[in-house]
Amino acid sequence: MNRRNFLKQSISALGSLATISLLEDPLLAYDMNKTGNNKTQQDMKKIIIIDGGPRRNMNTAQMLQKFAEGAKSAGGHIEVKTIRLYDLDYKGCMSCMACKLKDRESNVCRFKDGLTPVLEEISTADGLVLGSPIYFGEVTGQMRAFLERLSFPWLSYNDYSMTAPKQMPVVLIETMNGTPERNNSNGFGSMEYCITRALGQPQRIVAYNTYQVKDYSRYELSGFSEEGKRQWRDAHWEEDLQKAFDAGRQMASE
Ligand SMILES: Cc1cc2nc3c(=O)[nH]c(=O)nc-3n(C[C@H](O)[C@H](O)[C@H](O)COP(=O)(O)O)c2cc1C
């Protein structure tokens, strides 16, 4: 090897070594990327939206869609992921007690099924949105089963503290037939209490007196006045959607 080639190879080897050692230092690698145009995972804000309703395009889904639009409208590096519980195969808490095992205590559920990747993703998220229609005064069964799996690992049976892997803003969205004056809704009920203790006080957005079907004349629903529903919708629905949009924008901007 002549002198010129030897020097060329040595310089290139030194260069690679320097790059490797810089990139191996996570702080340096982060800072280097931060100043460049390429944003790292650390810069990305991740908002997880959990849709606990069965209908893809109706009231709850539309409210959650508006929330997502609001979050994306804030600009910046926002990842908004909507997960439909009715598309997943999972169970509520199995009472396996694996999250309370001595020396292996965990605040993320250890039971493996279709919910596992969702729960893992929530544990590192920067914001959480839970949406559900109200069924018989409560959130849907799917939402309840999901919340059991989310919350039970947070609860310590030693001192009854509630500890989530990470604190984050939470928005709860409910849609229902009832009105503010006349409703039977307990909303997220005791699960709201768990969420508040583990993650912080959630913001609650409720869309009342929703259209349950698109055309009331086709169904046995005489207990409802379609005219009353229409008037309510004209007066409130856009406002409800706007509240969801604003909450999304706010969460993404925090
Ligand atoms: C099984 C079932 C039970 C319901 N129970 C209630 C209820 O207890 N209180 C209420 O206000 N609305 C109740 N509703 C109405 C829904 O909460 C309301 O139509 C909701 O906006 C539907 O959401 P979606 O359009 O996203 O499916 C019920 C609807 C269904 C299908």
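In this predicted model, Ile50 stands opposite Leu130 in S3, and the two strands concerned, S1 and S3, pair in the parallel sense over five bridges. Strand S1 covers residues 45–51, while strand S3 covers residues 127–133. Strands of a sheet pair through backbone hydrogen bonds, either parallel or antiparallel.

**The sheet and its helices**

The sheet to which this pair belongs is open and is formed by five strands in the order S2-S1-S3-S4-S5, with parallel pairing. Its edge strands are S2 (78–84) and S5, each of which pairs on one side only. On average, and with direction ignored, neighbouring strands of this sheet are turned by 15 degrees against each other.

Helix H3, which spans residues 59–73, packs on the sheet and touches S1, S2, S3, S4 and S5, its direction making about 160 degrees with that of S3. Helix H7 (residues 226–253) also lies across S1, S2, S3, S4 and S5, and runs at about 160 degrees to S5.

Taken as a whole, the chain has seven helices and five strands, and along the sequence these follow the pattern α-α-β-α-β-α-β-α-β-α-β-α. Of its 254 residues, 28% count as buried. Among the contacts between residues at least 6 apart in sequence, 76% join residues at least 24 apart.

**Strand S4**

How many of the six residues of strand S4 are buried? Six of the six residues in this strand, which covers residues 170–175, are buried, so S4 is largely enclosed by the rest of the structure. Val170, Leu172 and Glu174 point one way from S4, whereas Val171, Ile173 and Thr175 point the other way, and all are buried. In a regular strand the side chains alternate between the two faces of the sheet.

S4 is joined to strand S3 by six bridges, and these two strands run parallel; within this pairing, Leu128 stands opposite Val170 in S4. S4 and strand S5 (residues 203–207) are joined by five bridges and run parallel, with Thr175 standing opposite Ala207 in S5.

**The surroundings of the ligand**

Thr175, one of the buried residues of S4, is also among the closest of the 20 residues that surround the ligand, together with Met58, Thr60, Pro133 and Met176. Which helix gives the largest share of the shell around the ligand? Helix H3 does, contributing three residues. By class, the shell around the ligand has seven nonpolar, twelve polar and one charged residues.

**Residues in the loops**

| Residue | Loop between |
|---|---|
| Asp43 | helix H2 (26–35) and strand S1 (45–51) |
| Met97 | S2 and helix H4 (116–123) |
| Thr124 | H4 and S3 |
| Asn209 | S5 and H7 |

Met97 has a positive phi of about 65 degrees although it is not a glycine, and Asn209 likewise has a positive phi, of about 50 degrees, although it is not a glycine. Why does Met97 count as exposed? Met97 counts as exposed because it has 11 C-beta neighbours inside 10 Å, and the cut-off for exposed is 12 or fewer. Asn209, by contrast, has 23 C-beta neighbours inside 10 Å and therefore counts as buried, the cut-off for buried being 20 or more.

Asp43 has 12 C-beta neighbours inside 10 Å, and so counts as exposed. The C-alpha atoms of Asp43 and His77 are separated by 6.8 Å, although these residues are 34 residues apart along the chain. Thr124, with 13 other C-beta atoms within 10 Å, is partly exposed. Thr124 and Lys46 are 78 residues apart in sequence, and their C-alpha to C-alpha separation in space is 8.3 Å.

How values were computed: Residues numbered from 1 in each chain as written. Predicted model: local features only at pLDDT ≥ 70, side-chain atom pairs only at ≥ 80, totals over all residues. Near = placed C-beta within 6 Å. Helix = DSSP H or I, 4+ residues; strand = E, 2+ residues; numbered from the N terminus. Nonpolar A, V, L, I, M, F, W, Y, C, P; charged D, E, K, R; others polar. Pairing = 2+ DSSP bridges. Contact = placed C-beta atoms within 7 Å. Axes fitted to C-alpha atoms, helices over the stretch in contact; angles between N-to-C directions.
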